[in-house]
Each structure stands twice: as C-alpha cells, then as structure tokens.
Amino acid sequence: MTTGCGDGSDSGTDSSASATPPTATATASATSAAPSPSETSQRFRAEVKKVSAADLKHSWRKGCPVGPSGLRMIEMTYWGMDGKPHEGGKLVVNAKAADDLVGVFRTLFDKRYPIRRMVPVDVYKGSDFDSIEADNTSAFNCRNATGSGNWSQHAYGLAIDINPCENPYVTAGGEVAHKDCVKYKNRANRDPGVIHKGDKVVKAFAAIGWGWGGDWSGTKDYQHFSSSGR
C-alpha cells in the first residue's frame, strides 16, 4: 500500500533558505496524515454488543440452554465474495467466546478470506435451512443438532457455520440437502470460500481451541466450527 508524500521542493530564491539543510518536517507531516478512505475501508473493525430477547425473537425461546444475557452480537467488517470489504456483518455468539471470535475474524479479514453473507439467523425467521440456502454465515440458533434430540452447539452460541453452500453438510452416504451446493461435495474444488484441511480458516479456529466438522468421520460438516469440536 502506498502513501502520499510531499516532494519538499521550494520555489523561493533566498540564498539563506537554499543553504539551510533540509528538515524532516514535510515527511513527518505526511506520515502522520489521516489515512485515505480506501485505507480506512480495508481495516478490520468489530464491536461486541449485548442483545435482548427482542433481538432474537425467532432464534431464542424460554427453555434454551443460554439466555440473551449470555449472548453477544459481534458487528464487524468482512471480505466479500466480490473481493471488497463490507460493513455490517453480524454474528450472535456466546458472550464467553466473543473476544476470541473477534480475533478469529480479524485473522480471516487480514488474510482476505471471502464470506458471502453474515446476518443473524433471525433474518430467516430462525430457519437453518433458509439461512443455508442464502449461503449465510451464522452462529447462534436455539435448535437441536441435525438428526439428534440433543442441543446443537449453535444453541449455546458456541458454533459457527461459514459459507455453508461452499462448505456443505454431507451425509455419510454423500447426500447434500441443498441442490445448488451439491457440486461442493468435491473438496478438490478451489472456488473462493471453500475450506480445506489445514488451511487458514481451520488454523484460525484451531488457535482458540475450536474444532472443524470437516474432520468428522462418516458425516462431514465442512461449514461447522465449534468449541467442542462437535
């Protein structure tokens, strides 16, 4: 990234001025100048906010394993599939994990990992299916684990699904529920957003102790990262 600077030239003819050694004044003022809008837009920014039941009217209900007071909304910038930074990404997560997750997404932003969309699942009235159809990256949703009667890690705000179309849930029999995402069963695919074993996304989550569903045996959940690894 380049920064602008003055050339320090002086059009005057005063001999005393020309005999004076050059100073660092011009350089110092240039280097301390405010960043350009393009530079500012490429900086990661995140804010962690409290949420209420009113913010989670489709994704939370009484009886869920964590209440609104135990959750936080991270509002952040993220790199889009268009190769540009985007404002207004929103992810609802467990309050205890919020700061660690800010660090993860800072790393992903710095490495320009692209994300299609990032809004709370409440935008889709709590429908995990519809959120996936929109290729939406999301976290908290008070629901059971797929095919189980037990709470999902999403119900605790301790799981995140990233680019769920490029990184689908694939059954042990090789089935994908979303027709537009079937082509991503082929994990040799190198399209933007596809997560691979040992890549920058897996490493960023591993740095905070979170496991990846792509490491499961049988069924694979390539979009899924969680604090428990499940």
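Strand β4 is joined by three bridges to strand β8 (residues 224-226), and the two run antiparallel; here strands (E, at least two residues) and helices (H or I, at least four) are DSSP runs numbered from the N terminus, and two strands pair if DSSP finds at least two bridges between them. The model is predicted, so to speak of local features requires pLDDT of at least 70, side-chain atom pairs count only at pLDDT 80 or more, and totals for chains, interfaces and linings use all residues. Residues are numbered from 1 along each chain as its sequence is written, and side-chain values use heavy atoms, with hydrogens and water left out.

Within this pairing, Ala159 has Ser226 of β8 as its bridge partner. Both strands belong to an open sheet of three strands, ordered β4-β8-β6 with antiparallel pairing. Its edge strands, β4 (159-161) and β6 (211-212), each pair on one side only.

Elsewhere, strands β2 (residues 71-79) and β3 (residues 85-94) run antiparallel and are joined by eight bridges. Met73 is partnered with Val92 in β3. Five residues lie between the strands of this hairpin, where Gly83 takes a positive phi near 75°.

Turning to open space, the largest pocket holds about 470 Å³. A pocket is an open set of points on a 1 Å grid over the protein atoms alone, where a 1.4 Å probe fits, with protein on both sides within 12 Å along at least five of seven lines; lining residues have an atom within 4 Å of a point. The volume is the space filled by probe spheres set on the points. Of its 25 lining residues, Arg143, Ala145, Thr146, Tyr169 and Asp221 are the closest to the centre. Helix α5 (residues 128-133) gives the most to this lining, with three residues.
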